[in-house]
Amino acid sequence: QVVESGGGLVQPGGSLRLSCTAADFTLKHYAIGWFRQAPGKEREGVSCISTDGTPHYTDSAKVRFTISRDHAKNTVYLEMNNLKPEDTARYYCAADLGCGWDVHEFDYWGQGTQVTVSS
């Protein structure tokens, strides 16, 4: 299982860094995706990093978000800048063999971390 952290309440224009780690397996052997789900909406992809370190972003995350890996810490980060109220959602990380935006293809999910963007 993966574990997310780093969420919180932030004002519009602010930044947060989310972390995804795992206690019982090594993340570098998997593609790690970040997804989010707002109340009443379907879970949607945000960003994904392949095993070779190639980052992928959906249109909602391009320019403002950066995904990265730290193998030594067994952690994947999602740096989010210039946050907007529409970014408010519960953010999840998940592991799979390759990157994609189909939530059904990801096998290992965390419980999520809440991000609220509000003044």
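**Entry 1: Arg64**

I began with the backbone oxygen of Ser60, which lies 3.0 Å from a polar atom of the Arg64 side chain. I call such a pair a polar contact: N or O atoms within 3.5 Å, and within protein one must be able to donate a hydrogen and the other to accept it, while residues adjacent in sequence count only if both atoms are side-chain atoms. This is a predicted model, where local features need pLDDT of at least 70 and side-chain atom pairs count only at pLDDT 80 or more, while totals for chains, interfaces and linings use all residues. Residues are numbered from 1 along each chain as its sequence is written, and side-chain values use heavy atoms, with hydrogens and water left out.

I located Arg64 in the loop between strand E6 (55-57) and strand E7 (65-70). Helices (H or I, at least four residues) and strands (E, at least two) are DSSP runs numbered from the N terminus. Is Arg64 buried or exposed? Arg64 is buried, because its relative accessible area is 11%. The cut-offs I used are under 20% for buried, over 50% for exposed and in between for partly exposed (1.4 Å probe, protein chains only).

I then listed contacts of Arg64, leaving aside neighbours within four places in sequence: Glu79, Met80, Asn81, Asn82, Leu83, Lys84 and Asp87. Contact here means heavy atoms within 4.5 Å.

**Entry 2: Arg43**

I moved to Arg43, in the loop between strand E4 (31-37) and strand E5 (44-49). Arg43 counts as partly exposed because its relative accessibility is 28%. The side chains of Arg43 and Gln37 are joined by a polar contact of 3.2 Å.

With neighbours within four places in sequence left aside, I found Arg43 in contact with Phe35, Arg36, Gln37, Tyr92, Val103 and Trp109. I also checked the spacing to Tyr92. Arg43 and Tyr92 are 49 residues apart in sequence, with C-alpha atoms 9.1 Å apart in space.

**Entry 3: Disulfides**

How many disulfides are there? I count two, taking a disulfide as a pair of cysteine sulfur atoms within 2.5 Å. Counting bonded cysteines along the chain, the pattern is 1-3, 2-4.

Cys20 and Cys93 form a disulfide with sulfur atoms 2.1 Å apart. I read 75 degrees about the S-S bond of Cys20 and Cys93, a right-handed link. The pair ties distant parts of the chain: Cys20 sits in strand E3 (residues 16-22) and Cys93 in strand E9 (residues 89-96), 73 residues apart. Cys20 is buried at 0% relative accessible area. Cys93 is buried too, at 0%.

Cys48 and Cys99 form a disulfide, and their sulfur atoms are 2.1 Å apart. The torsion about the S-S bond of Cys48 and Cys99 is about -90 degrees, so this disulfide is left-handed. Distant parts of the chain are linked here as well: Cys48 is in strand E5, Cys99 in the loop between E9 and strand E10 (108-109), 51 residues apart. Cys48 is buried at 0%, whereas Cys99 is partly exposed at 28%.

**Entry 4: Sheet**

I traced an open sheet of four strands in the order E1-E3-E8-E7, with antiparallel pairing. Two strands pair if DSSP finds at least two bridges between them. Strand E1 (2-5) and E7 stand at the edges; each has a single partner strand, so one side of each lacks a neighbour in the sheet. Neighbouring strands are turned by 20 degrees against each other on average, direction ignored. Axes are lines fitted to C-alpha atoms, for helices over the stretch in contact, and angles run from 0 to 180 degrees between N-to-C directions.

Last, I looked at E1 and E3, which run antiparallel and are joined by four bridges. Val3 stands opposite Thr21 in E3.
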